[in-house]
Amino acid sequence: MERPRHQGMAKNTCMRWRLPLVCLLWEAAMIVLFGVFVRFGAEADAHWEEEKREMNLTSDIENDFYFRYPSFQDVHVMIFVGFGFLMTFLKRYGFGAVGFNFLLAAFGIQWALLMQGWFHSFKNGKILIGVENLINADFCVGSVCIAFGAILGKTSPIQLLVMTLFQVTLFSVNEYILLNLLHVKDAGGSMTIHTFGAYFGLTVTRVLYRPNLEQSKDKQGSVYHSDLFAMIGTLYLWMYWPSFNSAISDHGDAQHRSAINTYCSLAACVLTTMAFSSMLQKKGKLDMVHIQNATLAGGVAVGTSAEMMLTPYGSLIVGSISGIVSTVGYVYFTPFLESRLHIQDTCGIHNLHAMPGLIGGIVGAITAAAATEDVYGKEGFIKAFDFTGEYQTRTPSIQGGFQAAGIVVSLLMAFAGGAIVGGILKLPIWGDAAAENCFEDDVYWEVPEDEESDAYHMHNPDKPASP
Amino acid sequence: MERPRHQGMAKNTCMRWRLPLVCLLWEAAMIVLFGVFVRFGAEADAHWEEEKREMNLTSDIENDFYFRYPSFQDVHVMIFVGFGFLMTFLKRYGFGAVGFNFLLAAFGIQWALLMQGWFHSFKNGKILIGVENLINADFCVGSVCIAFGAILGKTSPIQLLVMTLFQVTLFSVNEYILLNLLHVKDAGGSMTIHTFGAYFGLTVTRVLYRPNLEQSKDKQGSVYHSDLFAMIGTLYLWMYWPSFNSAISDHGDAQHRSAINTYCSLAACVLTTMAFSSMLQKKGKLDMVHIQNATLAGGVAVGTSAEMMLTPYGSLIVGSISGIVSTVGYVYFTPFLESRLHIQDTCGIHNLHAMPGLIGGIVGAITAAAATEDVYGKEGFIKAFDFTGEYQTRTPSIQGGFQAAGIVVSLLMAFAGGAIVGGILKLPIWGDAAAENCFEDDVYWEVPEDEESDAYHMHNPDKPASP
Amino acid sequence: MERPRHQGMAKNTCMRWRLPLVCLLWEAAMIVLFGVFVRFGAEADAHWEEEKREMNLTSDIENDFYFRYPSFQDVHVMIFVGFGFLMTFLKRYGFGAVGFNFLLAAFGIQWALLMQGWFHSFKNGKILIGVENLINADFCVGSVCIAFGAILGKTSPIQLLVMTLFQVTLFSVNEYILLNLLHVKDAGGSMTIHTFGAYFGLTVTRVLYRPNLEQSKDKQGSVYHSDLFAMIGTLYLWMYWPSFNSAISDHGDAQHRSAINTYCSLAACVLTTMAFSSMLQKKGKLDMVHIQNATLAGGVAVGTSAEMMLTPYGSLIVGSISGIVSTVGYVYFTPFLESRLHIQDTCGIHNLHAMPGLIGGIVGAITAAAATEDVYGKEGFIKAFDFTGEYQTRTPSIQGGFQAAGIVVSLLMAFAGGAIVGGILKLPIWGDAAAENCFEDDVYWEVPEDEESDAYHMHNPDKPASP
């Protein structure tokens, strides 16, 4: 009836030994690798007093901690509450949404500290970490949370851990290529986080295509209160996105500017989302799916350009467009992707991250190409694009070209990586559920008998009422 | 039955073309006006390096961003999650509470940046914005969220957008009169935000009086889990109120002091609210309506005086009194207002914002009038009340008089403005719902069939079970 | 039936006069005591300008407010939303969980400001408060929230207020002994907050042992959405724990380091918790009770050592172990404690706070004993352990011994204090509910008829459908 009891499970979804094994092995590996490689950076080390003298700092307030920690905490909330609760919209997958997101993110940040550390904070054989590393680890995991959105409800926790391992690795490589080799600016991660994460996830879900997913169609929707839980996620993502885009920008004006641009873009995005949500429904009613997701596209779409002189009205334009694109995507593209391209995208990450991410990359390239010393000031110009050392002679238009190249690289990495990782996840050893048991917490979680089903049993004398 | 299907709607509530039109037109207007007027302030502009030299600042940490951004984010959470979820207590209006609050606030902050910008940040034909402007825009929208509380469940989203447009405008004029013409101190907005916002909203709901609202009485209550959702809103408002009252105070001691006073006032308020909630119920049981709302009155009531030398015990006294007044208001005044004065106040903003706002204004006037150089120190005295330039000769008692005048002006603006805007909203073109469909999300939202109603249908064979 | 109506209550649980009396009396006492003793500290006082000159500070950003306020707000969220919602897992006790936590914490912080103030901030007959006092008051109340977890659902609000009064007092005495007499380091409170709070609560619940608690067994579980509400609490505790452990550390590297260590420990803890949760269940399914609680043990267990040079891999090890210990505790120890020792521990604080708190104390002692000038640097070494003045000659190994003594003192204070307070709470005058009405909001709260019960009544023609 109503909720299929999984007595007829064809697949072995028992996690009893596999999940503990993977978790414990990987945590052990983390401990060993951290032991060998990870140490405190100068600003978190007890030698800070000496460091302060050397760097000629007069006050503890100059410690990077005070520049970035509040933003770090906001980003942290976005990853764990924001993404976690955004995905609780499914009526019977709230535990999996919040719980698996918690699991993969907790593992991912450890691995990301290592991977990103080797690329960016490696000195004399040690990775030296500080608050900026924590933010970057959270960012990296953000891209995994995005990909999780595409396969939500269809994968086992082990598959998610395997995917996290590979995706964090690929993310770090891609990030290194963009930031270090191409010298691209992408503080809010339109390319590195959103474009890469979304197309990676979409490729994975394509490879894992389930032809019989119709069998769990009744569980793919929301119920009234699950939509409210999801709004908690939405609002925390929306409110803290200015912190996300400004968290690792340069101290001072760049952080300040990023926050303002993002604030403006997001505000505009809400209005165009509401407009199109109502316009595209026959009776003009608003659709919670759009409000929960498309309102956030404005934050994605200024990810690259927020720290540039995009200007507030530029941000309003970008936010307005991305809200429209995203809402239209939910109404027309998602069904198309599923029926024609066999891309089953549970949360619609194509609309919330993939397309707005591309917009973000393009807007970033244009904004960079259009930069002038007049607008930025002589010093500000050099500082904003880091045109020093070997990049001293780079012009804005060349920078714009490299920015565009960054989009292409991210896409290629996402497609290639997603295909390989999808292939690995397709192996029949990871314990994923059968099609009729997708989107159902009962497979991997002890689920309490809830009040509603008490009521249900009460009126079905042939079924026992006890839990 | 149970939940009236709105087949018999007398009114046309279809938003399909009206809502998109309003949203898109206004967003287009915002883009044009931002394009003409809004630019980055000095601390968010790429010319910051030069600015720093001119202002003789040695470190990026002196950027206002680092003084105010954490408080800004707390205020942001209060507006979107705080007010949004506080209003989800209604059993069938959670989408409207969170969603419409989201819509009006996202529009309101854009318009507020312009309106407040013209009054306060206008230089050489441009509005120069920074983090303080973002906070002020959120504050301004806070007063709209308050007014929304009075008409919650009875208005269409278009009416809310129209009200927001006018209320933000009037708020900015009132704020200009108070802060610039009367030279009044009101950092936490007891007068400008709460008194003005609440009496404005109460006047609007009086004009929109619905004699047949009894027809939707069954939907005006809460259910168990909607009360818990509302507590999320309550707690975020309560916890972050110290940030609210200190967000735009002077750097240093004033911000510090505001936070402490507000913390103390709120703590005391919880105890007197609990006491009176239990005392005023026959069986001594606590009422969630009081806990959700009256516990916050202490934050409202120190809004004006928190940055002054109110002292911690002064704050305890103010908080204690406001908790009592607010709880008594819910028990006795709200029914009276509805039955005698025809003021239908869905959330009881009269108790949470109007009366405590007045208390706040009065306490502020008294605290200002009682200020002495002895208590503040010579420099502190001048700095706290900004007794410089043309106000050099103002005495505390005169300042107290001006503070009191600020209350009166706010009230007059609220009544006059509310009457006019209420009249506009009464026009039969905005698509508000019939009385029997008030407090029902189904009118403006696609609502999922929820589990409970599945159960319902299951046992009613004559009704189809499919969504 | 289903939910026992409490018609047969043997005990008088009516709070109508008792609760208001206690609340109002105590608030009046707070006002008087604050009036006599509490004033603003130098950094929150209007004389700050003069103070700045005296302390030779050049900028307002040097005000302690900017070093600690963001962390304070995170801690504040942990106390009110974190603990409050963590305890909403019970199906019919959500109001009590959030509401009573709100009540006791709001009272507790006032009393803690006084108690801790007399011990630590008393100058010339006045308690001078600033943001650090607010954090410490929240910390102190945290230990009461922990104890509340053991007796959740079984006590009246008056009992909770009485317990808070005594526990805050004892906490402050214990804290004074540890920090001032033993000169112990415990910034994150593994000993002062967690060990003391948990064993205090466990002793109280032992004294209050209810042999017939089986009668309300059906209400001691969760329902689907109550588990999701609880996850809000869990995640906010988890995310903000780095702020908790770093909030009162020394400015600069110590705050920075504490946050990093805590972040690492918590991440590791999630993986081992998931592993053991799955491993210890027959079908390998994850248990929400473990995810909600044991994932937090890593934060508790680095409370003492986080500001020391524990190093990131040290944190991973501590976090991993505490996740295992805590999960195993839920599966094996909690039933044992209940059946053999008659300790009824509603939330399992023995697993989340008591054992991890002990681990934290021990790890702290070891880390302190192992400290060397080489690792900390000459200045850093002295600063980290405050080896100045009369403690100039203390060696790391002696410090380790004193740290260990701190654990013992905390345990003794907890057992003795808990026994006495438990005895007081056993008096039959406080209005606690009968065993069959435990874990039921209906006893102390006006509870709305909810949708589920509407459905229920609808199919029971012999019961009236009206609320």
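1. In this predicted model, the contact between chain B and chain C draws on 78 residues from chain B and 82 residues from chain C. Between them the two chains bury about 7000 Å², and 71% of that area lies on carbon and sulfur atoms. The size of an interface is often given in this way, as the accessible area lost when the parts come together.

2. Which residues of chain B lose the most area to chain C? They are Y224(B), Y263(B) and L271(B), which together account for 13% of what the chain B side buries.

3. The polar side of this contact can also be counted. Between chain B and chain C there are 30 residue pairs in polar contact, with both residues at pLDDT 80 or more. Several helices of chain B each supply at least two residues of the side that touches chain C, including α3 (64-86), α8 (224-246), α12 (312-341) and α17 (451-458). The helix that gives the most to that side is α9(B), with 19 residues.

4. The number of salt bridges between chain B and chain C is three. A salt bridge joins the side chains of K285(B) and D442(C), with 3.7 Å from N to O.

5. How are chain A and chain B related? Chain A is superposed on chain B by a rotation of 120° with 0.0 Å of shift along the axis, and the RMSD is 0.0 Å. This is the relation of a three-fold axis.

6. The surfaces used by the copies deserve a separate remark. Of the interface residues of chain A, only 14% are also interface residues in chain B, so the copies meet through different surfaces.

7. How many disulfides does a search of the whole structure find? The search, over all chains, finds zero. C347(A) is in no disulfide, and the nearest cysteine sulfur, that of C145(A), is 11 Å away. C347(A) counts as buried, at 11% relative accessibility.

Key. Residues numbered from 1 in each chain as written. Chains lettered and ligands numbered in written order. Predicted model: local features only at pLDDT ≥ 70, side-chain atom pairs only at ≥ 80, totals over all residues. Heavy atoms only, no water. Least-squares fit on C-alpha atoms with pLDDT ≥ 70 in both. Contact = heavy atoms within 4.5 Å. Disulfide = S-S within 2.5 Å. Buried < 20%, exposed > 50% of the residue type's maximum accessible area, 1.4 Å probe, protein only. Buried area = accessible area lost by both parts, 1.4 Å probe. Salt bridge = Lys/Arg side-chain N within 4 Å of Asp/Glu carboxyl O. Polar contact = N/O pair within 3.5 Å; in protein donor to acceptor, adjacent residues only side chain to side chain. Helix = DSSP H or I, 4+ residues; strand = E, 2+ residues; numbered from the N terminus.
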